[in-house]
Amino acid sequence: MDQDTLKASVAKAAIEYIDVYLQSDAIVGVGTGSTANFFIDSLAEVKQRFMGAVASSDATEERLKAHGIPVYDLNSVDELAVYVDGADEVNESLELIKGGGGALTREKIVASVAKNFVCIVDTTKCVTTLGSFPLPIEVIAMARSAVARRLVGLGGQPVYRENFVTDNGNVILDVHGLAIDAAKEFEQTFNSLVGTVTNGLFALRPADVLLVGTSEGVQEKTASN
Ligand code: 5RP
């Protein structure tokens, strides 16, 4: 089974998983990336059952609107019952690396207000230790070199993501060479670097539920500690 087939299958399973939240007054938080895109396409099939969505990126907003799903500004929404998004890596504690698509900041904001965070991945994203996937860090452009030097001091190898500007007008450093064994501490340390907007670790607010697309079907997991 190829990776796209696994992504499509886990996206469909997510629709079944969030069935209970699909009420006439419900707003669904929607992530960004190719797995999230499969989810949006499946969500469109049940769009009459809920009120609308909050998008975690301009690209997601565009895709939702193309399907005729109303998109709300997060500032006008009191509560999100559920947020569904993909990830670049996930460990047994459901801590994540996100931001491969550069939408980490808005994704983290939407995840922070959601009561339930459902992460959807194919099996290639599951790891024992986070960090093989370079950790994306969104940085204010003028602080790029200063933050990069601090990251080298912390043992990382930051690489400037060329020709990429986030939806918030900032730049991304992808940090290679990290073995992230204490993800909450790493997340706090990277957040404290002046000039940093957000880092792609989702450990202080991990996923609540993980759905994994495998060739044997979709597995549901909760944190193992
Ligand atoms: C975007 C993200 C994505 O969730 C992550 O990159 C996974 O993407 P994909 O589903 O395309 O593999 O964090 O910022």
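The lining of the second largest pocket consists of two nonpolar, nine polar and six charged residues (Ala, Val, Leu, Ile, Met, Phe, Trp, Tyr, Cys and Pro count as nonpolar, Asp, Glu, Lys and Arg as charged, and the others, Gly among them, as polar). This is a predicted model, in which local features need pLDDT of at least 70, side-chain atom pairs count only at pLDDT 80 or more, and totals for chains, interfaces and linings use all residues. Residues are numbered from 1 along each chain as its sequence is written, and side-chain values use heavy atoms, with hydrogens and water left out.

**Exercise 1.** Find which residues lie nearest the centre of the second largest pocket.

*Solution.* Step 1: a pocket is, on a 1 Å grid over the protein atoms alone, an open set of points where a 1.4 Å probe fits, with protein on both sides within 12 Å along at least five of seven lines; lining residues have an atom within 4 Å of a point. Step 2: of the 17 lining residues, Thr32, Gly33, Ala87, Asp88 and Gly101 lie nearest the centre.

**Exercise 2.** State how far an oxygen atom of the ligand is from Asp88 and from Gly101.

*Solution.* Step 1: an N or O atom in the side chain of Asp88 is 2.6 Å from a ligand oxygen atom. Step 2: for a polar backbone atom of Gly101, the distance to an oxygen atom of the ligand is 3.4 Å.

**Exercise 3.** Identify which residues of the largest pocket are closest to its centre.

*Solution.* Step 1: the largest pocket has a volume of about 210 Å³ (the space filled by probe spheres set on the grid points, which are joined across faces, edges and corners). Step 2: among its 14 lining residues, Val54, Ala55, Asp73, Leu74 and Arg106 are closest to the centre.

Conventions
A polar contact is a pair of N or O atoms within 3.5 Å; within protein, one must be able to donate a hydrogen and the other to accept it, and residues adjacent in sequence count only if both atoms are side-chain atoms.
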